[in-house]
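Have the sequence and the model side by side, and we'll go topic by topic.

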Amino acid sequence: MITGIRLNGRGLIDETNLTFFTKNTQRVSVVFGRNGSGKTTVGDGFARYSAEQQVEERENADDDLTSTLLIHGTREDSVPPQVKLSTLVFNEQFIENNVRISDDGIRALVLFGKSGTTQADLDRAIQAAKSARETHMGQATVVDDAAEACKTDTELAFDALRKGWADRERVIKGNKSNSRVNQQVLDTFLSMPVPQKDLETLRTELDEAKDRLARSRGGEEILEPVSMDDVDDLLTKFNTDIFERTIEAPTGEGLAGLVAAALEAHSSLVATASSIFDTPELNRCPLCLQAVSEEHKSELLEAIKNAVDRTAREFTDELDSSLLPRLVVQLDNRLVDLDPTNAEVVKHLTDNLNTQITRWNDAVAAKKASLYAPITVDFELAGQQIHDLQQAIKTIEQTRLDWNDGIKGIKQLLSQTLVLNNDVSRLEIEARIDNYRSALASLRSAEATLVEQSEALDKLDAQVRDLKSALRDEDVAADDVNRGLATVFADPNRLRIVVADEAQRGGRFMLQSRGRYLKPHRLSVGERNVLSLCYFFTLLRQCINDGLDPNKSLIVLDDPISSVDIDCRIGILSFLESQLKELLTDSSSAKTLFLTHDVGIFQDLGKTSKAVLESLEPPSQGTWETAPWVLRNVGSDESVRVSLVKHSGGVDEPLHEYKTLLGFVFQYAVDGASTQENDVASVGIGNALRRVYEAFGVFIYGQKSITSLRVVEAYESLGRGPLGQPIRHALVTVLHGGSHSKDRMMMLSDFGMGASVDPAERVVVVRRVLALMHAVQPIHMRHYLSDEATTILEEWEESYLLVADSQQITLHK
């Protein structure tokens, strides 16, 4: 998730963004930066987010460097707070903070971690926990005493409320037993404001209110109003016009004419006949008992259906809708008692109207049997009866409203009386409330102190457990570090740590080499760095076990192979390969950043990373990649501008230092006589030519361009020619043993063809070596120099590398 860093301060001209991972498939980034390129600043910037660094250490940094993590191109401070991001950085600061070497007089003593005083810390934590536990026990006694005092004052307040407030409330409400007194009631009085009136005045008002309430006692409200809806509907439905209406009678001949005549005289009987003759099993008329054929039944039903038209059916439906339900008026018994006269009127009129409703419904039934002729009905008194019933209901409803108003007045008086009782009781128990509040405040204060002490004791107990666990884990940590040392040195006894004596434990280890305790001055800087690197990966595993998420973290290693002997580098690369493979295999999105100032180590780390990534299960799309970068800066000593340039050659391809040196050597050979004796190029040409030729003969052509055998054959062939002795002399001059010795390397006067070689001879030697390289591999020389240079090299080859025809071998041009 972490892709880079934003830096500011420490001499940087501008705020600088450095993105080391540009694609999700990039799991490892290897960065080459010469001394002064800003590599250390990058490592320090990442270290500000280190998982093992304390917050106060980040804030108390002694320079103006500020850094912000980049997350897919965004600033770290824009990441949601629930996403925890961190780094773990191996650099010089990590070594200084975490691995300190001292002595106990004779032996080397190693202290890992921030303090290296685990046992001393444990002893102090145990003593602090013991003291805190004693204090906690004493405070618990204080809490018990305060709780007992509070309980006593609570009971006294309860007793005062029972004798005064609860007894009076029973009388006011008319209950048989006193109101219940509990903590909720007491809390109510605690929250009440103190009444403004004095106690005697309030007692007088309470007695008067109680007397008024006793005189006004009554019943409950009558909530259900007297309904008038059914009565109002009668006014619209008592309309006798419907009985005088008729519809046109049907006509026809034969059977249809007989049905039409029957409908006009007895329509209900025709409907009955239709129902009877529609029965399938009927074969005889139920009235005349004559046999009826299916043909006759069918003709009769068809004639009835044709005679009863749509108008008749609609009129019948209208008559059905005019039927009236019986009238019901509900009166509360209390209303009957309050207004018996109107109650009787309502009952009498309701019965009369229900009689009229019965007559009405009978008339509707008669009309349905006489659709084609009017019928006569008499409902002259119905309208007046409905009006009288409405008036009686209105009168009784007003009686109900008047009753409820009276009841509401009693409720208001009851509420006022209860408030007065509360005010009187509040003043009566004033002293008890003050005592209770004081006792309660003491209890709460004691309880808060006890909680604080409990939390502090829990932290101390947890600290003791953690420190004991740390001591138990020392043997495990030592084994982990020793496995790393054995891998680096390919020897489990070359350098190892052992847990110090029990009395000296607490992050302390002794160093041994070949079974003997090592003296401090015998430990080299490189060995100290190897020890620190092994501890770094041990610490990384501990951080992961403690909850560090590698998928949300970045592992940074700044020059992990610096200050190490050449013979140890292979071991360190092997160790880094195993640790990198373990980290990237266990964590699907973990990323690692390598920083180095050594171009050779840059290549080695690139190859190692590539080998690890190729061994992993590939992603769903594409392949895992290593991102190679070159860190550069431009500016003065006071202010610089840092940039990150992608290394175009790939992680396992060399940087262009070889090309630069080859061009320098070629130009020196071209300049020839113009090169002055005191020219700086003359001083360093020998060493530059030696480095170019060694790279040409060992690192490049022993691996890729031509086989080692062909190089040897070419040397032998050229050496057997007429100029074999001059060629051998040129190579010895360049590759003489003294150039590798420490003494010669430190002497500028003999720094590879120095003052001992004539300037003109130096030019000849350089031309001969370049001509030899061209003869062996001209394609390579053309690639790293130019076509124009190839022409010159061919001339030098003719001039300096003539061989006998019988001895000549064919070389690739």
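Let's start with S37, which touches L631, R632, N633 and V642, leaving out residues up to four places away in sequence; contact here means heavy atoms within 4.5 Å. Bear in mind that this is a predicted model, where local features need pLDDT of at least 70, side-chain atom pairs count only at pLDDT 80 or more, and totals for chains, interfaces and linings use all residues. Residues are numbered from 1 along each chain as its sequence is written, and side-chain values use heavy atoms, with hydrogens and water left out.

**Two buried residues**

- S37 sits in the loop between β3 (26-33) and α1 (39-47); helices (H or I, at least four residues) and strands (E, at least two) are DSSP runs, numbered from the N terminus.
- With 5% relative accessibility, S37 counts as buried, a label for anything under 20% relative accessible area (1.4 Å probe, protein chains only), with exposed being over 50% and partly exposed in between.
- L335 belongs to helix α12 (residues 333-338) and is buried too, at a relative accessible area of 2%.
- Setting aside neighbours within four places in sequence, L335 is in contact with I222, V226, I396, T399 and R400.
- The C-alpha atoms of L335 and E397 are separated by 8.7 Å, although the two are 62 residues apart along the chain.

- Strand β12 (residues 553-558) is mostly covered, with six of its six residues buried.
- Both faces are covered: S553, I555 and L557 are buried on one side, and L554, V556 and D558 on the other.
- Strand β6 (residues 86-90) runs parallel to β12, joined by five bridges; two strands pair if DSSP finds at least two bridges between them.
- In that pairing, V89 stands opposite V556 of β12.
- Five bridges also join β12 to strand β13 (residues 591-596), again running parallel, and here D558 stands opposite L595.

**Helices α20 and α25**

- Helix α20 (residues 657-671) packs against helix α25 (residues 759-776) at about 130 degrees, with their axes 9 Å apart; axes are lines fitted to C-alpha atoms, for helices over the stretch in contact, and angles run from 0 to 180 degrees between N-to-C directions.
- The contact is made by Y658, L662, V665, F666, Y668, A669 and V670 of α20 and R762, V763, V766, R767, L770 and M773 of α25.
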